[in-house]
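Morning, everyone. I'll take a few minutes on ligand surroundings. Here is the model.

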Amino acid sequence: MKRGKRTWMFIFIVPLALCVTGFPPFSEMPAQPIDFPHNVHAGAKKIPCQYCHTGARRSPVAMIPSVDRCIGCHKIIAADKAEIQKIKGYYERGEPIPWVRIFTLPDFAFFNHAPHIQAQVKCQMCHGPIETVDRFRQRPAIEMGWCLKCHREKNVSVDCYICHR
Ligand code: HEC
Ligand code: HEC
Ligand code: HEC
Ligand code: HEC
Ligand code: HEC
């Protein structure tokens, strides 16, 4: 089969251009200590988001489940897989898994999950279709304008002090 000009462009020119200009921000997303697949858990296996992120309904933070929670299922499920062996390592050493934070705001901005979840705002409205994602590849930039847009649409307060205390 004859390779067209476009194919060669993707093989040579694009990688070269990326090396020169620097990779776009998503490649800076460091790998997680465990390659955790949301599409398997929340997609194929339909485990509810709040089964793992138990803080969302009642506190500012949604929370990442502890290693004990993982072991609750993975003592048996897929126990022979390499990634699961790594989880067992953390569990046996009594160490938390050092997950890398993805969604984050600067310190001067306050966010609280609880009122949003109680007002039936879906996780996906803010985080995207997580149940289809095998892993996070980029760290999204959250901007004030985006918070304000939805607050105005839903008639929620936009007073500075609710988010800047
Ligand atoms: C089996 C447990 C489990 C389920 C179910 C689950 N998650 Fe997660 N979630 C995790 C773990 C572990 C991490 C940390 C690893 C990572 O970032 O991929 C995480 C990370 C996240 C993050 C990024 C946190 C950060 O660092 O900013 C978001 C957002 C998230 N989950 C949303 C969801 C949503 C929405 C659902 C349902 C559609 C869901 N999760 C279902 C375990 C789970
Ligand atoms: C209104 C928008 C919004 C909704 C709805 C929302 N989140 Fe978040 N989430 C955020 C923002 C903003 C952050 C970063 C907060 C910070 O850095 O203080 C965040 C952070 C997180 C984190 C990492 C930090 C933490 O709180 O533990 C997880 C995990 C998470 N969200 C999961 C969820 C899940 C699961 C749902 C649904 C049950 C959900 N979120 C609904 C906006 C939202
Ligand atoms: C409610 C049960 C349950 C919980 C809790 C759970 N998992 Fe899973 N996990 C599963 C199932 C089911 C699969 C799919 C196994 C399969 O395909 O054979 C899976 C698959 C995986 C895989 C892919 C294994 C592979 O290589 O095929 C990883 C990695 C994983 N889980 C990590 C975690 C981590 C980390 C936690 C804790 C934050 C966690 N799981 C919590 C049920 C769970
Ligand atoms: C998709 C819509 C949506 C987005 C996006 C959104 N919010 Fe909200 N927000 C709401 C709703 C709905 C409420 C609940 C109002 C209620 O309790 O009646 C709320 C409530 C709040 C409250 C509590 C208000 C109070 O009166 O105590 C804070 C704080 C807040 N949001 C901060 C934020 C921040 C910060 C962001 C951006 C990072 C954000 N919100 C993004 C819809 C949204
Ligand atoms: C619904 C939540 C919310 C409300 C209401 C809100 N802010 Fe913000 N604000 C944020 C978030 C989140 C950020 C951080 C993200 C960013 O820099 O855009 C931020 C950032 C800022 C910044 C830094 C901007 C920059 O470019 O670094 C200033 C200044 C600011 N807000 C002022 C205000 C003032 C003044 C008001 C009232 C008129 C207000 N904010 C109302 C959520 C809010």
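Some ground rules. This is a predicted model, where local features need pLDDT of at least 70 and side-chain atom pairs count only at pLDDT 80 or more, while totals for chains, interfaces and linings use all residues. Residues are numbered from 1 along each chain as its sequence is written, chains are lettered from A and ligands numbered from 1 in the order in which they are written.

Stay with ligand 4. It has 20 residues around it, and F111, P115, A119, C147 and C150 come nearest. A residue is near if its C-beta atom, placed from the backbone, lies within 6 Å of the molecule. Helix 8 gives the largest share of this shell, four residues. Helices are DSSP runs (H or I, at least four residues), numbered from the N terminus. Helix 6 (113–118), helix 7 and helix 9 each supply at least two residues too.

Next, ligand 5. A109, M144, C147, C160 and C163 come nearest, out of 14 residues. Two or more residues come from each of helix 8 (144–153) and helix 9 (160–163). Helix 8 again has the largest share, with four. By class: 11 nonpolar, two polar, one charged.

Last, ligand 1. Its shell holds 21 residues, with C49, C52, I102, F103 and C123 closest. Fourteen are nonpolar, five polar and two charged.

Technical notes:
Ala, Val, Leu, Ile, Met, Phe, Trp, Tyr, Cys and Pro count as nonpolar, Asp, Glu, Lys and Arg as charged, and the others, Gly among them, as polar.
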